[in-house]
Amino acid sequence: MKLLNTLLLATALPVMAQAAPVENTDTVTIFMIGDSTMANKPLDKENQERGWGQMLPVYLTGKVKVDNHALNGRSSKSFRDEGHWAKVMEKIRPGDYVIIQFGHNDEKIKNKDRYTLPGSTFDEILREYVDQTRSKGGIPILMNSIVRRNFPPTPSVKAEDRDDNPPVGPTKETEGGFILVDTHGAYLDSPRNVAKEAGVTFIDMNKITHKLVQELGPTLSRDLFMWIPAGVYEFCPKGKSDNTHLNVHGGLVVSRLAAQALAEQVPELRPYVRREVYNLNK
């Protein structure tokens with residue numbers, strides 16, 4: 001029933017590309033830093049891809065805004081090293097929130113500019129984000145990566161798959177199983193461990209989205225991701241089978257689950273989450 005409610009609500013609420021509220025001195029800002037699964041996507045040429053952070057404002061209300069700085073292809077390391085984090089730091093005010101979600105690109109072992117090691121450099125950079133957010137009076141929230149849609153014929157994943165680009169996951173020709181298999185490994189644990197060590201909120205977005213995709217199964221779960229037929233949309237005339245990135249519907253569903261988790265785990269943000277979202281699971 002909860003899964004059905006999630007899908008129905010995501011369909012019923014209006015679609016918004018991103019927040020654009022009037023700036024107020026008493027407005028709480030939720031900054032977002034992360035990768036393409038969270039990032040704002042262009043809307044031209046009927047592009048159907050959406051980051052879940054792009055859709056989060058649909059489920060918020062009141063004097064709150066989302067300032068989404070997540071970017072395609074970035075890891076915790078490259079986001080910092082390219083200067084994107086410094087720009088966010090300049091904007092953080094006391095009482096603002098910073099949602100931190102990396103992992104997909106930290107796994108790219110063949111790319112020295114992006115690769116980090118869980119339990120080592122990945123954790124160290126996450127600690128930097130937490131400590132520096134706090135130094136500005138901000139409130140960090142750590143999340144791990146959303147799940148990849150991965151239903152292989154046999155429930156296993158090769159280590160080298162984590163460095164695939166475009167994203168890993170079976171195509172229509174290679175999938176065939178009914179068990180959703182994790183591809184992130186220890187990268188899911190680092191945000192949890194750092195959050196526990198630092199005493200900050202951790203939201204297990206991988207667990208939340210794993211449950212969603214597993215319950216939908218290998219066929220219906222395609223409706224959340226960028227499985228695009230050929231010859232339909234100008235942005236992707238040849239079509240694609242992408243098991244990492246969300247479409248409009250998937251962005252709505254996942255952002256709704258994130259909003260519900262924020263309401264549950266960050267009581268100070270609960271007044272800013274639309275009541276119908278939070279009360280569905282009550």
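Q: Does Asp 204 count as buried or exposed?
A: This is a predicted model, in which local features need pLDDT of at least 70, side-chain atom pairs count only at pLDDT 80 or more, and totals for chains, interfaces and linings use all residues. Residues are numbered from 1 along each chain as its sequence is written, and side-chain values use heavy atoms, with hydrogens and water left out. Buried means under 20% relative accessible area, exposed over 50%, and partly exposed in between (1.4 Å probe, protein chains only). Because its relative accessibility is 17%, Asp 204 counts as buried.

Q: With which residue does Asp 204 form a salt bridge?
A: Side chains of opposite charge can pair when their charged atoms come close. A salt bridge here requires a side-chain nitrogen of Lys or Arg within 4 Å of a carboxyl oxygen of Asp or Glu. For Asp 204 the closest N and O atoms are 2.8 Å apart, and the partner is Arg 192.

Q: How many residues apart in sequence are the parts that the pair of Asp 204 and Arg 192 ties together?
A: Helices (H or I, at least four residues) and strands (E, at least two) are DSSP runs, numbered from the N terminus. Asp 204 lies in the loop between strand 5 (201-203) and helix 7, whereas Arg 192 belongs to helix 6, so the number of residues separating the joined parts is 12.

Q: Which residue forms a salt bridge with Asp 96?
A: Asp 96 counts as buried because its relative accessibility is 2%. The closest N and O atoms of the pair are 3.5 Å apart, and the partner is Arg 93.

Q: How far apart are the closest N and O atoms in the salt bridge of Lys 240 and Asp 242?
A: At 32% relative accessibility Lys 240 counts as partly exposed, whereas Asp 242 is buried at 5%. In the salt bridge between Lys 240 and Asp 242, the closest N and O atoms are separated by 4.0 Å.

Q: How many salt bridges does a search of the whole structure find?
A: Some salt bridges share partners, and in this way Lys 77, Arg 80, Asp 81 and Glu 128 are joined into one network. Over the whole structure, the number of salt bridges found is 15.

Q: Which residue has a side chain joined to that of His 184 by a polar contact of 2.5 Å?
A: His 184 sits in the loop between strand 4 (139-143) and helix 6 (189-198), and it counts as buried because its relative accessibility is 1%. A polar contact is a pair of N or O atoms within 3.5 Å; within protein, one must be able to donate a hydrogen and the other to accept it, and residues adjacent in sequence count only if both atoms are side-chain atoms. The side chain of His 184 reaches the backbone oxygen of Ile 146 at 3.3 Å. The side-chain partner at 2.5 Å is Glu 107.

Q: Which helix gives the largest share of the lining of the largest cavity?
A: A cavity is a set of points, on a 1 Å grid over the protein atoms alone, where a 1.4 Å probe fits but cannot get out, and its lining residues have an atom within 4 Å of a point. The search finds 1 cavity of 30 Å³ or more, and the largest has a volume of about 30 Å³, a volume being the space filled by probe spheres set on the points, which are joined across faces, edges and corners. Its lining includes Ile 146, Thr 209 and Phe 225. The largest share, 3 residues, comes from helix 7.

Q: Which residue of strand 3 stands opposite Met 32?
A: In strand 1 (residues 28-34), 7 of 7 residues are buried. Two strands pair if DSSP finds at least two bridges between them, and strand 1 pairs in the parallel sense over 5 bridges with strand 2 (residues 64-68) and over 5 bridges with strand 3 (residues 97-101). In strand 2, Met 32 stands opposite Asn 68. In strand 3, its opposite residue is Ile 99.

Q: What is the phi of Glu 46?
A: Lys 45, found in the loop between strand 1 and helix 2 (52-55), has a positive phi of about 55° although it is not a glycine. Glu 46 lies in the loop between strand 1 and helix 2 and is partly exposed, with a relative accessible area of 45%. Glu 46 is also a residue other than glycine with a positive phi, near 60°.

Technical notes:
1 Å grid on protein atoms, 1.4 Å probe; cavity = no way out; pocket = protein on both sides within 12 Å on 5 of 7 lines; lining within 4 Å.
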